[in-house]
Amino acid sequence: MPTVTIDNQVYEFENGDVLLQFCSDIGIEVPHFCYHPAMSAPANCRQCLVKIGTPARNRATGEPEMNEDGTPVINFMPKLQPSCAIAITDGMVVHTQRSDDIVEEGQVDNLELLLINHPLDCPICDQAGQCPLQNQAYKFGPEGSRFEFQKVHKPKRIQLGPHVVLDAERCINCTRCTRFTSEITETHQLSIHNRGDKNYPITAPGVEFDDPYSMNVCDLCPVGALTEDYFRFRARVWEMSKTPGISTYGSKGINVDYWVKDNEVLRITPRQNLDVNEYWMPDAARLIYTTFNEDRPAGPEMLFRDGGRGPADWRQAYDAAAFLLKGVEGSETFLLGSALATVEDNYLLMQLAEHLGAPAPQYLSHVEPGSGDDWLITDDRAPNAQGCERLGMQELDADLLKSRLASGELKVLYILQDDPVGMGVLSEADLDGVQVILHHTHTTNETLPFANVALPIAMAVETIGTYVNADGRAQRLRPAKATRHMHRPQMMEMGLSRLDRQGTPFDRWHDESNKIDCQPGWAAIPEIAERLGRKMRWDGPASIMDELAQTDAFAGATHKAMGFTGVPLEDVGEAV
Amino acid sequence: MASSSPEPLYVPGEEPARHFGPDDLVWTAEEQQTIDGWVAQYPTADGAVMKVLWLAQEKFAWLPAEVIEFVADTLDLPRAKVFGVATFYTQYYKQEMGKWVLDVCTCFSCQLCGGYDILHYLEDQLGIKKGETTQDGMFSIQEVECLGACGSAPMLQVTNGPYVHNLTPAKCDTLLANLREGKLPGFESVTLPQDEAELDGNRRSDAEVIEQYVTPPVSATIE
């Protein structure tokens with residue numbers, strides 16, 4: 001294999017490797033702003049400068065020239081080169097800032113140049129704390145500023161589109177945003193306007209930056225020039241915990257980070273997974289962050305014997321649910337699974353159905369034909385339909401269910417995390433005379449008024465579990481925010497903020513507010529099953545998946561194996 | 001001294017004011033043929049964008065939003081891209097300009113030789129600031145970057161046309177007086193010292209020299 005010498009150490013590389021990416025991959029940090037692995041490299045920030053040399057060859061014979069001691073003669077390029085635009089060649093010798101003072105000085109000077117007109121508003125900038133310019137200025141930059149003059153002023157607070165705000169003064173013109181719109185989404189909405197020290201990215205006259213993926217430019221922006229409108233001035237990044245999770249938006253299984261402060265999800269950003277969403281996510285998948293905070297239930301509710309409806313405690317609610325199920329034949333109950341719930345919860349529901357002798361649970365499809373874009377927005381609005389299919393669940397036959405309800409054949413309907421009334425599948429008349437047990441996530445659930453027992457269930461940001469995306473990839477959910485009742489597995493996997501890790505008992509950062517009184521399905525369903533005489537043997541979602549991973553449909557998909565990027569599942573029929 | 005942040009030229013999403021109607025925004029058959037010729041010269045239509053913008057500016061006198069869009073649509077290019085090109089060059093006028101546009105260079109060499117003095121002198125004489133146009137629509141002043149005549153700094157360019165070299169306040173006064181009478185300055189040849197003899201002091205064959213810039217003797221300069 002061809003070799004390259006970086007900082008006096010020899011590495012093997014593959015032809016076509018780009019120097020900057022190669023350095024990153026082997027753990028050598030070279031500062032950079034404009035380079036992004038998914039896009040072209042214009043080399044216009046000039047921050048990744050390194051010294052590059054190639055072995056000298058005799059012009060006449062083509063033979064490599066050797067020094068007297070037998071080492072090859074290296075011809076260094078007269079000036080520093082941007083490593084993002086250099087394809088490595090065999091025998092190349094590279095000096096980075098780690099081994100060469102000239103490179104180090106060059107990078108310092110370049111950063112000083114970039115910082116000349118950059119405002120010193122880090123204390124009020126949303127990017128502070130996650131800012132490549134800030135971080136790299138600390139690591140590789142000059143000690144202070146020598147610039148004693150008025151900085152150039154550019155437009156601030158420009159609403160580029162519905163979701164993105166531009167602060168042109170902070171822009172260092174790396175052109176990542178304009179390349180994103182021209183190379184990734186191909187809407188060509190952004191372009192660098194003006195020249196010299198007055199340039200910044202903006203749309204054409206009269207055009208709004210309404211790309212459905214517009215907020216990705218805020219993640220790409222290496223400074224605070226482009227920020228998400230919904231998140232501006234909401235929280236400092238170091239006050240939040242960042243937990244890796246899976247988006248509940250659509251069946252693509254977009255890998256995300258959930259940013260939480262005071263038990264509220266404040267922000268959702270994409271997490272790199274080259275097999276699923278690469279680095280991107282649609283705007284709509286970020287804006288659903290409110291669904292995790294708003295209209296959440298305040299504990300279980302039930303219909304009491306005197307006909308009154310009101311809050312119950314969990315034990316009462318479990319007892320009531322078990323009582324309803326115990327009072328009827330298995331064939332008189334129907335359990336509705338959910339494409340919104342995890343594989344684990346649906347599996348437990350199937351076990352419960354089996355114990356009751358009820359017909360196999362089915363799930364409600366959330367497919368809205370034509371609403372997808374063949375990329376990250378899918379027609380299916382639910383994240384786990386594939387997981388239900390793989391468990392052997394079938395799509396709900398609504399007409400059959402309606403006729404069975406109408407004939408009085410069904411007495412109890414058990415609904416896991418879904419809203420058949422709100423979806424228009426069932427109506428008030430259908431549920432007349434039927435006892436409904438409902439695991440709901442929101443008070444806006446339109447089936448809730450008909451529920452005899454309502455048990456709030458934890459959402460994807462509060463539970464542990466598995467979603468299988470439309471392409472058959474099993475991916476893990478981790479608890480990002482605390483609920484009123486924390487079980488040990490959740491405690492173990494909670495994302496931590498900087499204060500959680502570094503805070504002292506004297507810092508008052510703990511906040512008990514906004515904790516939702518809900519239970520994960522894998523905690524609630526066994527409680528009911530136990531009251532019906534079935535002791536469920538799993539001690540948490542991880543052990544459920546350990547068992548499912550033995551089956552063909554979920555082969556190998558243990559929590560451990562799924563890690564942060566998931567496990568692609570074999571394409572099998574629908575069977576466990 | 002803190003100044004408030006400037007506004008962008010066009011607010012995103014806000015419909016820009018229109019100056020030309022759809023009836024104006026058409027190429028003649030002749031112009032279209034020229035454009036097609038330019039497009040054919042390059043691998044992609046991007047290459048022709050500057051020439052077509054120039055043609056549009058000659059036709060419409062300046063480049064408001066609708067003309068930039070018209071050019072983009074002619075070449076089937078993204079509007080933002082053409083807008084980016086049009087705003088990069090000060091030679092493309094994004095605002096309605098006066099009859100004479102004075103592009104005063106304040107880049108390094110001119111700045112060192114008093115480019116800002118000339119700029120401010122002209123501003124005082126005309127009673128306008130850079131980027132503005134006089135009430136009578138006669139003069140506009142722009143501050144521009146290097147025009148490539150550092151040897152005869154400070155200098156300015158009149159309406160994308162002749163250069164005026166080695167400016168002094170007196171020379172500015174003459175220039176303004178001549179322009180008011182509609183007289184453009186003639187071509188002033190500034191050759192490189194080594195070319196003076198060879199080209200007979202004129203590096204252009206299409207213009208007559210009105211004044212010949214003579215390089216001072218080396219010894220005199222050193223002293």
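Okay, let's start with a question: in α4(B), which residues are buried? Going along the helix, we have Arg79(B), Ala80(B), Lys81(B), Val82(B), Phe83(B), Gly84(B), Ala86(B) and Thr87(B). So you've got 8 of the 10 residues of α4(B) buried, and the helix counts as mostly covered. Before I go on, a reminder that this is a predicted model.

What do those buried residues pack against? Within chain B, they sit against α2, residues 49–60, and α3. From chain A, β9, residues 191–193, joins in.

That takes us to the contact between the chains. On the chain B side there are 23 residues, and chain A puts in 26 residues. Two helices of chain B, α3 (65–75) and α4 (79–88), each supply at least two residues of the side that touches chain A. The largest share of that side comes from α4(B), with 7 residues. If you sort the chain B side by class, you get 12 nonpolar, 5 polar and 6 charged residues.

Staying with chain B, let's look at the sheet. It's an open one with 4 strands, in the order β2-β1-β3-β4, and the pairing is mixed. The edges are β2 (139–144) and β4 (163–164), each with a single partner strand, so one side of each has no neighbour in the sheet. Over at the β4(B) end, β3(B), residues 156–158, runs antiparallel to β4(B), and 2 bridges join them. If you want a pair to click on, take Leu156(B), whose bridge partner in β4(B) is Val164(B).

Now, which strands does α6(B) lie across? Those are β1 (100–105), β2 and β3 of chain B, and the helix runs at about 150° to β1(B).

The other thing to look at on α6(B), residues 115–126, is how it meets α7(B), residues 169–180: the two axes come within 10 Å and cross at roughly 45°. At that angle, α6(B) is oblique to α7(B). The crossing is right-handed, by the way. On the α6(B) side, the residues involved are Ile118(B), Tyr121(B), Leu122(B) and Gln125(B), and they meet Pro169(B), Cys172(B) and Leu176(B) of α7(B). By class that's 6 nonpolar, 1 polar and no charged.

From all that, I'd like to pick out one strand, β21(A), residues 435–439. Is it covered or exposed? Mostly covered: 5 of its 5 residues are buried. Gln435(A), Ile437(A) and His439(A) point one way, Val436(A) and Leu438(A) point the other way, and all are buried.

As for partners, β21(A) pairs with β20(A), residues 412–416, in the parallel sense over 5 bridges.

Terms used. Residues numbered from 1 in each chain as written. Chains lettered and ligands numbered in written order. Predicted model: local features only at pLDDT ≥ 70, side-chain atom pairs only at ≥ 80, totals over all residues. Buried ≥ 20, exposed ≤ 12 C-beta atoms within 10 Å, placed from the backbone. Pairing = 2+ DSSP bridges. Axes fitted to C-alpha atoms, helices over the stretch in contact; angles between N-to-C directions. Parallel < 35°, antiparallel > 145°, perpendicular 65-115°, else oblique. Left-handed = near helix turned anticlockwise from the far one by under 90°. Contact = placed C-beta atoms within 7 Å. Nonpolar A, V, L, I, M, F, W, Y, C, P; charged D, E, K, R; others polar.
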